[in-house]
Amino acid sequence: MTRTMVLGLLKSNGPMSGYEIQRMMESSNTEMWANVKPASIYHALKKLQKEAKVELETVEQTGLRTKSIFRITTKGEAELNRLLIESLATSSVVFPTALYTSLTFIDNISNDEILLSLEKQKNEVIYIYETMKSGYAEKEKMFGSVPHQVKIIFDNMYSQCELQLKCINDMIEFARGGEKSDKEQAKNIK
């Protein structure tokens with residue numbers, strides 16, 4: 001995704017320095033929703049430059065620092081198109097496998113441990129949800145309106161968080177005794 005992000009930002013915004021790309025990614029929380037760490041762009045820029053997908057347009061001197069400005073090449077635009085088409089065609093359904101695996105074997109730990117762990121995860125999901133909500137509001141404030149496809153992306157992220165919170169809340173209720181496990185129900189029948 002880092003390559004797609006770097007090439008996409010250069011195509012959308014024109015020539016930029018690595019620092020400008022990094023700042024744009026940080027302000028958009030790409031680490032959270034695209035799994036792209038802003039610091040990874042410098043390595044990607046070097047690699048893309050070796051592959052002739054970006055090129056150094058100019059080097060600016062600002063005080064004691066130099067700022068390299070990169071631009072996307074025709075070869076880079078073709079690579080971006082290929083990456084976009086590949087990404088759109090690939091399933092993006094991701095299950096919370098660590099959670100599901102833990103829930104499968106939940107009978108092996110105490111209810112106190114279950115509740116403590118689930119409350120921690122719940123707080124993390126709420127933090128992500130609220131961060132995404134405030135990020136969207138900030139974008140609206142800065143740009144006036146947000147492109148429709150970006151609204152769809154944010155709506156999907158909100159839905160993902162809400163669905164995860166429902167699962168966690170259901171498990172918290174279960175752990176508090178709202179529903180007995182199959183093992184416990186079987187014990188009560190005997």
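Start at the hairpin: select strand 2 and strand 3, which are separated by two residues, and in the turn find glycine 63, whose phi is positive at about 65°. Strands here are DSSP runs of E with at least two residues, helices are runs of H or I with at least four residues, and both are numbered from the N terminus. The model is predicted, so local features need pLDDT of at least 70 and side-chain atom pairs pLDDT 80 or more, while totals for chains, interfaces and linings use all residues. Residues are numbered from 1 along each chain as its sequence is written, and side-chain values use heavy atoms, with hydrogens and water left out.

**The sheet**

Keep the hairpin selected and look across it. Strand 2 covers residues 54–62 and runs antiparallel to strand 3, with eight bridges joining the two. Two strands count as paired if DSSP finds at least two bridges between them.

Methionine 16 has phenylalanine 70 as its bridge partner in strand 3, and serine 17 has isoleucine 69.

With the three strands displayed, the order reads 1-3-2 in an open, antiparallel sheet. Strand 1 and strand 2 are the edge strands, each pairing on one side only. In general, the strands of a sheet pair through backbone hydrogen bonds, in a parallel or antiparallel arrangement.

**The whole chain**

Now zoom out and colour by secondary structure. There are nine helices and three strands, in the order α-β-α-α-α-β-β-α-α-α-α-α from the N terminus. The radius of gyration is 23 Å, well over the 16 Å from the globule rule for 190 residues, so the protein is more spread out than a compact globule. That radius is taken over C-alpha atoms, and the rule is 2.2 Å times the number of residues to the power 0.38.

**Surface and contacts**

Switch to a surface view. The accessible surface is about 13,200 Å², and carbon and sulfur atoms contribute 55% of it; areas come from the Shrake-Rupley method with a 1.4 Å probe.

Finally, display contacts (heavy atoms within 4.5 Å). Among those with a separation of 6 or more, 58% are between residues 24 or more positions apart.
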